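Welcome, and thanks for opening the viewer.

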Amino acid sequence: MKQILAVDLKDRLQNNEAFFLLDVREPNEFHYAHIENSVLIPLNEIPQRLTELDVQDDIVVICHHGLRSQQAAHFLVQAGFSQVTNLLGGIDAWSCLCDSSVRRY
């Protein structure tokens, strides 16, 4: 399972690299704080909404602290997605290390 640090994700975003940023938190968490251009599909909806994702995409999965996103990333790999990366520390690490305008909770 590939992992990425928040600062490395920030570099990828600043370099305009092509990837899909998948947020697997709950809607209330997403509305409270999220990374710009991320797409919300809550963890429990991933199996039913798998067709909304492209198996060819480079996908970075995020959640609050990195646990749910790790579960989602594992599920995606098992479903045949080969370019899946988990954000270590989740949006909390993103807020602390990259963008303090993203609220912590």
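**Stop one: a strand residue**

Begin by selecting N86, which sits in strand β5. Helices (H or I, at least four residues) and strands (E, at least two) are DSSP runs, numbered from the N terminus. Before going further, note that this is a predicted model, where local features need pLDDT of at least 70, side-chain atom pairs count only at pLDDT 80 or more, and totals for chains, interfaces and linings use all residues. Residues are numbered from 1 along each chain as its sequence is written, and side-chain values use heavy atoms, with hydrogens and water left out.

Is N86 buried or exposed? N86 is buried, at a relative accessible area of 1%; here buried means under 20% relative accessible area, exposed over 50%, and partly exposed in between (1.4 Å probe, protein chains only). Now show what surrounds N86: apart from neighbours within four places in sequence, its contacts are K2, Q3, I4, V61, G66, S69 and Q70. A contact means heavy atoms within 4.5 Å.

Next, select L88, in the loop between β5 (84-87) and α4 (90-97). L88 is partly exposed, with a relative accessible area of 37%.

**Stop three: salt bridges**

How many salt bridges are there? The count comes to 7, where a salt bridge is a side-chain nitrogen of Lys or Arg within 4 Å of a carboxyl oxygen of Asp or Glu.

Select E29 and R68, whose side chains form a salt bridge at 2.9 Å, N to O. E29 belongs to helix α2 (residues 27-32) and R68 to helix α3 (residues 67-78), so this pair ties together parts that are 39 residues apart in sequence. E29 counts as buried at 12% relative accessibility, while R68 is partly exposed at 24%.

Move on to R12 and E17, which meet in a salt bridge at 2.8 Å, N to O. R12 is buried, with 13% relative accessibility, and E17 is partly exposed, with 38%.

For another pair, pick E45 and R49, joined by a salt bridge at 2.7 Å, N to O. E45 is partly exposed at 28% relative accessibility, and R49 is also partly exposed, at 23%.

**Last stop: the whole chain**

Finally, clear the selection and zoom out. The protein chain has 4 helices and 5 strands, arranged along the sequence as β-α-β-α-β-β-α-β-α. Its radius of gyration is 12 Å, close to the 13 Å that the globule rule gives for 105 residues, so the chain is as compact as a globular protein of that length. That radius is taken over C-alpha atoms, and the globule rule is 2.2 Å times the number of residues to the power 0.38. Along its principal axes, the C-alpha trace spans about 35 × 30 × 20 Å. Colour by accessibility, and buried residues make up 43% of the 105 residues.
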